[in-house]
Amino acid sequence: MSWARFFRRRRWDEERARELQSYLEMETDENVARGLSPEAARDAARRKLGEPLRIREEIYRMNTMGIVDAFAQDLRYGLRILRLNPGFAAVAILSLALGVGANSAIFQLLNAVRIRTLPVKDPSELVEVRIADRKGAVGRFNGRFPQLTNPLWEGIRDKAEGFSDLAAWGTSRFDLSDGGEARYAEGIWVSGGFFPTLGVRPAAGRLLRLDDDVRGCASPGVVIGHSFWQREFGGDPAAVGRRLRLDGHLFPIVGVSAPGFFGVEVGRSFDVAVPLCAEPIISGVSGDLDRRDWWFLTVLGRIKPDWTATRVTAQLASLSPGILQDTVSPRFSPDDVKKYLAFSLAAFPAGTGVSSLRRNYERPLWILLAMTTLVLLIACANLANLMLARASAREREIAVRLAIGASRGRIVRQLMAESLLLAGAGAAAGGLLARWLSTSLVAFLSSESNRLFVDLQMDWRVLAFTSGLAVLTCVLFGLAPAVRATHVAPAAAMKSGGRGVTSSRERFGLRRGLVVAQMALSLVLVVGALLFVGTLRNLLTVDPGFRPDDLLVASMDLRRAGVPEGQRVAAKKDIVDALARLPGVTAAAHVDVLPISGSGWNQTILVGGVAQKDFPQLNRVSPGYFKTMGTPFVAGRDFEETDTGSSVTVAIVNETFARTYLGGGDPLRQAFQIQEPPGAPRPQYQVVGVVKDTKYYNLREPFKPIAYLAAAQETQPDEYLQVVMRTAAPSATAPAVTRTVAGVHPLVALTFDTMSSQLRRTVQSEALMATLTGSFGVLAGVIAAIGLYGVMSYLVARRRNEIGIRMALGADRAAVVKMVLRESGMLLAAGIVVGAVLAVGAARTASALLFGLTPGDPITFAKAVAGLAAVAALASYLPAARAARIDPTLALREQ
Amino acid sequence: MPKKGNPPLQGELLQGTLDLLILKTLALGPAHGHTIAHVIERRSDAVLQVEHGSLYPALHRLEDREWIASFWGTSENNRRARYYRLTPAGRKRLVEQESRWDDLVRAIDRVLRPAPEER
């Protein structure tokens with residue numbers, strides 16, 4: 001049997017009909033020629049041929065497949081039924097679409113950031129080489145994945161075996177502008193082997209090779225990313241060969257990487273890849289690459305086919321002592337050296353790349369996936385209930401069909417076809433919704449200064465997930481009602497026809513169970529939503545120790561201004577003073593480490609010559625910083641103009657610092673030293689002031705001990721300056737700041753941020769969780785309310801007679817309302833008990849994401865229960881009121 | 001109509017035998033269903049009385065296996081008719097089937113009329 005014929009079986013049948021007709025005509029002709037009358041001739045011909053319809057049927061059967069045909073029939077029938085009930089179909093498809101859409105969207109994100117491997121050649125062969133446990137490493141850390149230093153990378157490159165290719169890379173950003181407000185490109189430092197290791201192809205020109213990355217290179221070529229090429233050059237092939245300005249230095253573009261290749265970091269897309277050897281050109285400091293305490297690289301390798309990750313790790317472990325011994329930094333203290341030499345290199349699978357997005361969002365995403373699954377389950381339970389109601393409305397029809405010989409299986413199949421149609425339509429709509437949802441989620445997390453790139457293209461996993469959901473939902477909400485519908489004795493169903501005084505309890509067991517399940521799952525979702533909303537509220541209302549509104553932050557890069565080291569302190573002071581005089585700016589100050597920015601600086605201190613346990617956090621600020629931030633002094637004074645490089649070194653500490661390290665006596669009479677490399681001067685910092693505690697890295701942490709040093713007393717100032725300004729109109733002030741800075745030093749590059757948007761970014765993950773779980777909670781509550789309403793209305797309708805009798809016997813309306821409400825109250829109570837148990841367990845898995853709330857927070861639970869009870873009361877009051885309006889005489893006469 | 005005393009064989013055709021008869025008939029040249037039915041009936045001296053209707057599913061099956069091909073043509077007395085012709089594959093099949101039929105007949109014959117055994 002051929003498919004072509006299967007699909008053309010109707011035309012084929014017509015063809016056969018004509019052929020048989022032609023036989024009859026010929027036979028008739030012959031019979032007439034033999035002398036029969038035309039009628040007799042035609043009859044004889046018919047007899048000779050046999051029944052044409054039977055012959056055609058036989059041939060038709062040869063052309064078809066019974067199951068497929070019956071299935072198509074079922075689908076057509078289902079479609080007709082659904083078209084007759086557009087309201088039901090719309091509710092069903094919409095609720096499924098929301099459930100499937102939310103599920104697929106979250107899965108799409110998880111797939112993109114966690115599951116999918118990098119779009120490079122044989123990603124399963126890729127491993128990352130790093131120090132297994134790098135805790136205790138000291139030095140400068142740059143970029144998002146500072147795993148290794150350049151000397152360590154060179155050691156690995158020269159000594160490691162078992163790799164067919166090895167490459168190092170690090171993240172950076174490069175200013176594309178030639179002065180004024182900076183425009184940053186997402187950059188990566190790459191060793192020459194980066195592109196060959198990954199097996200990436202160029203879209204234009206060529207990619208970097210090993211010989212592009214040679215120490216001391218003068219003007220090495222750079223490779224740009226495909227999207228950057230499209231964005232900046234409109235995809236012009238002539239871009240190759242042009243020169244690109246990076247931090248003020250010009251580099252020739254040698255090629256463009258293939259479309260779809262975004263780098264090794266999932267969640268970002270690189271704009272420009274610069275060979276490592278260009279680092280001294282861009283930083284303007286020679287010898288940086290030899291710094292043994294500058295961590296900024298990640299090493300990737302491709303394992304040789306005959307090696308395994310375990311064997312490579314064993315080999316790396318045996319090489320580690322030698323490599324580490326050769327790269328001990330002279331800046332390390334003896335303690336640091338001990339820790340450093342104890343490190344061990346190892347290989348880790350890297351086929352899925354690295355991702356800070358994954359680090360921050362993997363857990364929330366799994367929790368969200370679990371919650372969306374609950375939403376889908378609730379929607380399924382609801383649909384199952386609706387289907388049950390419809391099935392019982394069709395009880396008589398089904399009974400008739402069973403009675404005249406339809407098989408049970410055939411009727412189940414037919415009812416399932418209807419469910420499959422609903423599930424299919426719901427999943428298709430959900431798939432579309434998912435695309436929109438996941439794109440908006442990424443847009444929500446992305447910002448100008450933190451451009452995210454998540455490749456959300458459909459792949460087989462997402463398709464399989466969504467269609468799997470469709471099948472699952474179909475079985476979940478369709479199978480039980482379909483099977484149940486056929487388990488009716490035809491005689492009983494046809495006889496009863498809605499006449500029973502009251503329906504038996506057993507027949508409602510399933511529907512009651514479904515409502516209880518819906519209530520329970522809704523409670524879990526509502527509790528979850530309230531916990532995450534509470535967490536966000538707690539974070540937003542927590543006192544960071546400063547006033548975050550109306551703060552403008554300008555970050556400046558002075559490298560191109562070419563200020564010699566000796567004049568930098570003065571140059572920075574000039575800029576800060578000029579900005580402080582701007583109209584609208586009430587205060588301005590230099591700050592090295594902006595609070596809540598995620599960056600930090602800590603070092604061991606010595607009090608009375610004794611090294612203290614744990615590192616306090618450090619910061620360097622200029623006079624007026626605390627006034628600008630709105631952090632009050634507890635004792636002592638601010639830095640003053642008289643605190644200069646030639647005066648006594650002074651420090652301001654926060655309360656926690658004073659309590660932790662300066663326990664005995666007045667902090668203002670004490671001093672501390674900062675641990676410096678052997679041989680470097682170790683001045684005593686005289687504490688001159690104590691300020692209130694402030695948050696340092698993030699809002700969740702407890703207050704840490706912080707010591708502030710004076711910007712004017714910095715001995716080795718760098719070429720970066722960060723100024724924080726208090727101004728009523730932060731965004732309007734920025735242009736004036738740019739002009740003022742340009743007036744002092746024309747070549748300074750600037751970027752702006754506001755403290756409040758930075759705060760918003762730090763609670764972004766919490767805001768996402770609160771928004772999403774909040775909407776899931778509302779959705780779940782609404783669906784569960786619809787479910788309860790449906791079941792209660794149905795119960796009331798079925799018990800019309802009973803209620804009529806009760807009223808005739810003297811029950812008043814209030815009693816009837818009470819009866820119905822008691823019924824739904826019991827369902828609600830059962831749901832809440834089950835749900836509370838589930839919710840406590842579920843909340844515990846999310847406890848790490850909560851802030852200021854315990855997973856079992858009683859107030860949250862009380863709120864959730866109250867909210868659900870209110871919704872349930874509303875949903876059951878309407879049917880109850882309807883029951884109370886029943887006219888006993890009418891209800892009884894209906895019998 | 002049977003000319004001898006035996007009743008016509010009807011519905012007793014072995015599966016595949018009808019196929020063989022059709023293929024053999026078509027080996028003479030293209031023909032339409034009506035002709036094929038009559039040729040089989042005539043050549044077997046009406047012993048093999050095919051119910052003419054049962055021919056058509058068989059034709060369909062053979063065409064499906066690509067042993068015969070069909071086309072619309074005009075019959076001797078100017079009627080539109082569907083003609084069948086043998087394909088090369090069908091010709092090969094016919095040769096195979098004929099030799100198998102011979103084997104079968106010989107085998108049955110040996111069973112029915114065993115040669116006198118040598119003692």
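Which residue in β10(A) is the bridge partner of R243(A)? Keep that question in mind while the view is set up, for this is a predicted model, in which local features need pLDDT of at least 70, side-chain atom pairs count only at pLDDT 80 or more, and totals for chains, interfaces and linings use all residues. Residues are numbered from 1 along each chain as its sequence is written, chains are lettered from A and ligands numbered from 1 in the order in which they are written, and side-chain values use heavy atoms, with hydrogens and water left out.

**First stop: a hairpin in chain A**

Select residues 243-246 of chain A, which form strand β9, and then residues 249-257, which form strand β10; strands here are DSSP runs of E with at least two residues, helices are runs of H or I with at least four, and both are numbered from the N terminus. The two strands pair in the antiparallel sense over four bridges, where pairing requires that DSSP finds at least two bridges between the strands. The partner of R243(A) in β10(A) is P252(A). Two residues lie between the strands of this hairpin, and D247(A) takes a positive phi near 50 degrees there.

Buried means under 20% relative accessible area, exposed means over 50%, and partly exposed lies in between, with a 1.4 Å probe and protein chains only.

**Second stop: around β25(A)**

Select residues 749-754 of chain A, strand β25, which pairs in the parallel sense with strand β5 (residues 180-181) over two bridges. Strand β14 (residues 551-557) runs antiparallel to β25(A) and is joined to it by six bridges. On β25(A), find A749(A), which stands opposite G180(A) and is also the bridge partner of D557(A).

Next select W169(A), F194(A), F195(A) and L198(A), the residues with the most contacts inside the largest nonpolar core, which has 100 residues. Such a core is a set of buried Ala, Val, Leu, Ile, Met, Phe, Trp, Tyr and Cys residues joined through side-chain atoms within 4.5 Å.

**Last stop: chain B**

Finally, select chain B, which has four helices and three strands, in the order α-β-α-α-β-β-α along the sequence. Of its 119 residues, 41% count as buried.
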